[in-house]
Structure formats: C-alpha cells, structure tokens
Amino acid sequence: MGSTPQPRRGNTRQRIQDVALELFAEQGYEKTSLREISERLDVTKAALYYHFKTKEDILISIFEDLDRPLRELIAWGKEQPRTLETKKEILRRYSETLKGAAPLFQFVQENQASVRELSIGRTVKKRVLDLAELFVDPGASLADQMRCFTALLAMHSGMFALKDVEGSAEEKRAAVREVAFELITRAHSPEAGSGE
C-alpha cells in the first residue's frame, strides 16, 4: 500500500470511497475491480452494491463530495469585489477545501486518461475554468492569464509535488499558497478591484 490518508470516520459509504480511492491510486482505475474493493473492505460484493453499482459511481460520489464546497466557493467569489485580497481569500478557502482531497488529486494526476473518459472529467475542467475566471482580470495579458492558471495548478499538484520533501502537511500547504499568492499578485491588475 502507498501512503494512505487517515481514513474518514463515519459511514460505510465514506469507507468505500476511501478504500476505492486508495486502490485506484495504487493500481490505477482501470485495473481495480469492485471485487477487490469489497475484499479490501472485508464486506461482501452485495454490501458494496447496496451503496454503489459501479466503480464509476464510487468515483463520481467522491468528486461530488468535493464539488459541493467548490460550487459554494465559486458562487461566493462571484459576489465579491475583484480585489487582490478577495483573490487571496479564494485561494485560502480553496486550500482548505483541498486539504482532504490530496489522494483524489493524486488519483487524477496518475489516471488522467481514465478521468477524461468519465463524466467527471468535464466537471473537473469546468470547475477549474470557473475558478480561474475569478482570478483573471478583464484584458489580462496572456502571461497574466497563465499565471492565474498556474496558481490553480500549484494548488492541485503542489502537495503531490512536495510529498517526499521534508516538512509537515501544513508547512507544505503554506508553501503552495505562498507560490499561488505570488502568481496571483503578479497577475492582478489594480484597476480590476476597488481601492487596490
């Protein structure tokens, strides 16, 4: 087994999600079967079937659990003034949202082809574009647009990139936020916000 997250306490549905994601990350999505998931959980396939009919259903449920707070964050961000402080606050909140999602982003990184084929691929792409829209100022140069996208990519892949580097999880998250803040600050146009 790879480095696995602390299992979430609670219901069977969450345990299934955690174990499935662990197996998807270890073996790849395509090579993991429902039988292997049920065996790792030490439950019957019928018990697993009660909650999820397919492994895609499991994956969709994991993304939906992350998608809900993302939709809320995007809605909140659209209501705020386009100031640099708002952009930093969005990144702070996004960092918190992603805190428990590191295994999910590791899975996405290692199974990009599978994710593209599944319906969740479109959802992930839409959320990233919606978030980027909150950072990119009207009339931004191509370089500044790239800085905004790179800030988001840093948020997604930063923890994965730093996984073998010394430091606590919070120190690594702080480093990732610092880099994202620098990119957003450099890309921010003072005219876009009020009073900046």
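Helices α4 and α5 pack at an angle of about 170°, with 10 Å between their axes. The two are therefore roughly antiparallel to each other, a label for angles over 145 degrees, while angles under 35 degrees count as roughly parallel. This is a predicted model, where local features need pLDDT of at least 70, side-chain atom pairs count only at pLDDT 80 or more, and totals for chains, interfaces and linings use all residues. Residues are numbered from 1 along each chain as its sequence is written, and side-chain values use heavy atoms, without hydrogens and water.

| Helix pair | Angle | Axis distance |
|---|---|---|
| α4 and α5 | about 170° | 10 Å |
| α4 and α8 | about 15° | 10 Å |

Helix α4 covers residues 55-79 and α8 covers residues 119-135. With their angle, α4 and α8 are therefore roughly parallel to each other.

On the α5 side, α4 brings residues including Leu66, Leu70 and Trp76 into contact (heavy atoms within 4.5 Å) with α5 residues, among them Ile90 and Tyr94.

Now to the middle of things. The largest nonpolar core has 48 residues; such a core is a set of buried (under 20% relative accessible area, 1.4 Å probe, protein chains only) Ala, Val, Leu, Ile, Met, Phe, Trp, Tyr and Cys residues joined through side-chain atoms within 4.5 Å. Leu59, Tyr94, Leu104 and Leu131 are among the residues that touch the most other members. The biggest contribution comes from α4, with 8 residues. Leu104 touches Leu21, Ile62, Phe63 and Leu66, leaving aside residues up to four places away in sequence.

Terms used
Axes fitted to C-alpha atoms, helices over the stretch in contact; angles between N-to-C directions. Helix = DSSP H or I, 4+ residues; strand = E, 2+ residues; numbered from the N terminus. Parallel < 35°, antiparallel > 145°, perpendicular 65-115°, else oblique. Buried < 20%, exposed > 50% of the residue type's maximum accessible area, 1.4 Å probe, protein only.
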